[in-house]
Amino acid sequence: MDDSAPESAPESAWPGQAPDRAVLVASRLKERLYATITMIAVVVGLANSGHAGPRGAAVAAGVTAVGLWLASIVADGQAHRVVHGHGGGDGDGGRQLRETLFVSSPLLLSAVGPLTLIALSALGAMELRTALLTAAGVSVWVLFAWGWYGGLRMGANTAVALLAGVADAAIGTVVALVKAAGH
C-alpha cells in the first residue's frame, strides 16, 4: 500500500468544504448538542428541587457550562497526546489549541439562555421555576431545530425532516430527564 496516497475524505465532509473543516464543524455541533442536553438536565433539576434561588441557579448553570468546557479541553489534550505521542510541541500546538477552542466553545454557549432567563427572574420578570422550565423548553426547541435542519441537509422532505426534529428533541429530552432524575 502506498503511504503517500491521500486518505479519502471522511463521510462527514460537506460538499465544497475541506474535510478537516467539516470534521471540526461536526465536532463543534456535537459538543453544542451534548451541552444542550446537559443544561436541560441541570435546569429541570433546579426547577424541581425548589431549593435554589436565582443566584444559586445562575452559579449552577455557569459552573456546569464552564466545567463541561474545561473537561472537554482536558480530554482533547489528553487524547491528542495519546494518539500523536506528543503534546503538540512540534509546531502544531497552536493549531491544535485553536481547533480545541473552536470545537469546545459551544459548551459555554449552552448557559447563555438559562442565565438570561435566570437574570430576568432575579429582576422580578418571572418566577425562577418558570424561568428554568422556559430555559429547558427553549433548549428542547433547539434540539428539534437541529434535528429538522439535519433532516433537510440529508435531503429528506419536510415531513421526514420534521419527524427527525421531533425524534431528536424527544431523545434529548428523555436523556436529560434521566440525568436530572439521577441527581
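These exercises, each with a worked solution, concern a predicted model.

**Exercise 1. The overall plan**

Task: State how many helices and strands the protein has, and give the order of its elements.

Solution: 
- Step 1. Count the elements. The protein has 7 helices and 0 strands.
- Step 2. Read from the N terminus on. The order is α-α-α-α-α-α-α.
- Step 3. Look at burial. Of the 183 residues in the protein, 30% are buried.
- Step 4. Residues 24 or more positions apart account for 67% of them.

**Exercise 2. The span of a helix**

Task: Find what span the 31 residues of α2 should have, and compare it with the distance between the end C-alpha atoms.

Solution: 
- Step 1. Locate the helix. Helix α2 covers residues 54-84.
- Step 2. Set up the sum. The expected span is 1.5 Å times one less than the number of residues.
- Step 3. Apply this to α2. Its 31 residues should span 45 Å.
- Step 4. Check the model. The end C-alpha atoms of α2 are 45 Å apart, so the two values agree.
- Step 5. See what comes next. Gly-85 follows α2, and its phi is positive, near 75°.

**Exercise 3. Two packed helices**

Task: Decide whether α2 and α5 are roughly parallel or roughly antiparallel.

Solution: 
- Step 1. Recall what to look for. Two packed helices are described by the angle between their axes and the distance between the axes.
- Step 2. Read the values. Helix α2 packs against helix α5 (residues 112-122) at about 170°, and the axes lie 9 Å apart.
- Step 3. Use the cut-off. Angles over 145 degrees count as roughly antiparallel.
- Step 4. Conclude. The helices α2 and α5 are therefore roughly antiparallel to each other.
- Step 5. Name the residues in contact. From α2 come Pro-54, Ala-57, Ala-58, Ala-61 and Gly-62. From α5 come Pro-114, Leu-115, Ile-118, Ser-121 and Ala-122.
- Step 6. Sort them by class. The contact of α2 with α5 has 8 nonpolar residues, 2 polar ones and no charged ones.

**Exercise 4. Ser-72 and Glu-31**

Task: Decide whether Ser-72 is buried or exposed, then list what this residue touches.

Solution: 
- Step 1. Ser-72 is found in helix α2.
- Step 2. Apply the cut-off. Ser-72 has a relative accessible area of 14%, and buried means under 20%, so Ser-72 is buried.
- Step 3. Find other buried residues of α2. Among them are Thr-64, Ala-65, Leu-68 and His-80.
- Step 4. List the partners. Leaving out residues up to four places away in sequence, Ser-72 touches Glu-31, Ser-104 and Leu-107.
- Step 5. Follow Glu-31. This residue is also buried, with a relative accessible area of 14%.
- Step 6. Look for charge pairing. Glu-31 forms a salt bridge with Lys-30, with the closest N and O atoms 4.0 Å apart. The structure holds 1 salt bridge.

Note on methods: Residues are numbered from 1 along each chain as its sequence is written. This is a predicted model: local features need pLDDT of at least 70, side-chain atom pairs count only at pLDDT 80 or more; totals for chains, interfaces and linings use all residues. Side-chain values use heavy atoms; hydrogens and water are left out. Axes are lines fitted to C-alpha atoms, for helices over the stretch in contact, and angles run from 0 to 180 degrees between N-to-C directions. Helices (H or I, at least four residues) and strands (E, at least two) are DSSP runs, numbered from the N terminus. Angles under 35 degrees count as roughly parallel, over 145 as roughly antiparallel, 65 to 115 as roughly perpendicular and the rest as oblique. Contact means heavy atoms within 4.5 Å. Ala, Val, Leu, Ile, Met, Phe, Trp, Tyr, Cys and Pro count as nonpolar, Asp, Glu, Lys and Arg as charged, and the others, Gly among them, as polar. Buried means under 20% relative accessible area, exposed over 50%, partly exposed in between (1.4 Å probe, protein chains only). A salt bridge is a side-chain nitrogen of Lys or Arg within 4 Å of a carboxyl oxygen of Asp or Glu.
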